[in-house]
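Q: I'd like to learn how to read helices and sheets in a model. Could you walk me through a few features?

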Amino acid sequence: MNDALTLLQPYPFEKLRGLLADAKPSADKRPISLSIGEPKHRSPDFVAQALTDNLDQLAVYPTTLGIPALRESIARWCERRFGVAPGAVDPARHVLPVNGTREALFAFTQAVVRREPGALVLSPNPFYQIYEGAALLAGATPHYLPCTEANGFNPDFDAVPTDVWQRTQILFLCSPGNPTGALVPLETLKRLITLADEHDFVIAADECYSELYFDESQPPAGLLTACAALGRDDFRRCVVFHSLSKRSNLPGLRSGFVAGDADILKAFLLYRTYHGCAMPVQTQLASIAAWNDEAHVRANRELYREKFDAVLDILAPVMDVRRPDGGFYLWPRTPIDDQRFTRELFAREHVTVVPGSYLSREVDGLNPGSDRVRMALVAPLAECIEAAQRIRAFIESL
């Protein structure tokens with residue numbers, strides 16, 4: 001077996017199961033889970049119809065590159081959404097369909113990292129755990145950039161030493177962040193592109209939450225927005241990851257894409273051809289329907305706005321909690337240790353959250369997730385309200 005497997009830490013939900021294993025919640029309260037970021041809103045009917053209308057494609061081997069019509073729909077969506085010049089995103093060179101961003105982020109790291117002494121993969125801290133595991137299994141060392149409240153829950157890139165940038169091969173970004181919900185500002189993205197040029201690293205921007213935001217008049221900027229602002233039509237050293245899971249409530253479709261630097265994607269396509277991750281044709285055709293429609297995405301955002309408004313109204317008087325810039329998570333400070341808070345909340349109120357320390361790593365004595373929890377507002381509105389009321393009652397009882 002790969003020796004690096006011994007370096008992998010237990011996944012946060014495995015730790016959570018251990019924490020709650022012998023806790024006995026009250027039988028008179030139904031369980032409410034705010035732990036897993038799995039969208040629960042209804043999937044679009046027209047996407048399901050497109051899938052069933054094309055089940056004859058089960059008899060067809062899909063290609064790794066995907067069908068031209070899907071790549072075309074993705075390219076045009078990127079241009080509409082991120083202000084890229086019409087025609088700048090070449091569907092044949094700048095777009096690659098993937099089976100969701102999770103497998104793509106992992107596989108991308110294996111393809112990009114050069115196995116050489118001192119290689120670093122930079123990640124926000126807290127972070128989506130795939131960044132760390134992918135780096136370790138690619139033979140690189142993860143380097144964690146703390147995301148603290150003092151810096152708006154974004155990394156302080158100015159504090160990164162030059163020698164770290166020089167050893168960096170991939171910089172992972174997540175905007176809006178998981179779990180913080182923070183956006184990386186456009187000016188910061190532009191500055192990071194300059195740093196990538198200077199030190200020759202790849203920016204891998206995980207933007208799977210990009211379509212969950214609160215102001216319809218101000219969609220969040222992405223890495224492609226920064227490329228457009230800089231006139232960088234070749235997207236050199238820049239790659240973005242997007243998914244239909246959160247945008248369109250289609251986590252089970254396993255459909256997303258990678259877009260950006262054509263040379264990097266050409267090598268990544270070669271890797272994926274051997275890796276064997278082609279998207280089924282019927283899934284591709286259903287995905288076209290999803291990328292071509294925005295009405296269901298606007299309706300989805302409205303449902304989240306309702307939940308954030310209701311839950312924050314209940315929790316704000318008793319918790320240090322704020323509305324995020326985007327995404328569907330709350331990242332509140334806990335009045336007691338985050339693990340104790342999680343365990344006792346589960347035992348007393350049958351509500352499940354994730355300790356923030358499980359989503360972060362301690363570096364130089366600091367774990368940026370300590371004394372915070374992640375709450376995913378994915379359940380129906382009534383359940384989210386009930387969960388918030390139980391959490392408030394729990395806090396008031398401390």
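Q: How many residues of helix α11 (residues 281-291) are buried?

A: Start with the terms: helices (H or I, at least four residues) and strands (E, at least two) are DSSP runs, numbered from the N terminus. Buried means under 20% relative accessible area, exposed over 50%, and partly exposed in between (1.4 Å probe, protein chains only). Here 9 of the 11 residues of α11 are buried, so the helix is mostly covered. Among them are Val 281, Ile 288 and Trp 291. This is a predicted model, where local features need pLDDT of at least 70, side-chain atom pairs count only at pLDDT 80 or more, and totals for chains, interfaces and linings use all residues. Residues are numbered from 1 along each chain as its sequence is written, and side-chain values use heavy atoms, with hydrogens and water left out.

Q: Which elements do the buried residues of α11 pack against?

A: Contact means heavy atoms within 4.5 Å. The partners are the helices α2 (45-53), α3 (68-82), α9 (244-247) and α12 (295-315), together with the strands β7 (238-243) and β8 (256-260).

Q: In what order do the strands of the open sheet lie?

A: Two strands pair if DSSP finds at least two bridges between them. The 3 strands follow the order β9-β12-β11, with antiparallel pairing. β9 (329-330) and β11 (354-355) are at the edges with a single partner strand each, so one side of each has no neighbour in the sheet. In β12, Ala 376 stands opposite Tyr 329, while Arg 374 stands opposite Val 354.

Q: Which way do the residues of β12 point?

A: In a regular strand, side chains alternate between the two faces of the sheet. From β12, Val 373 and Met 375 point one way and Arg 374 and Ala 376 the other, and all are buried.
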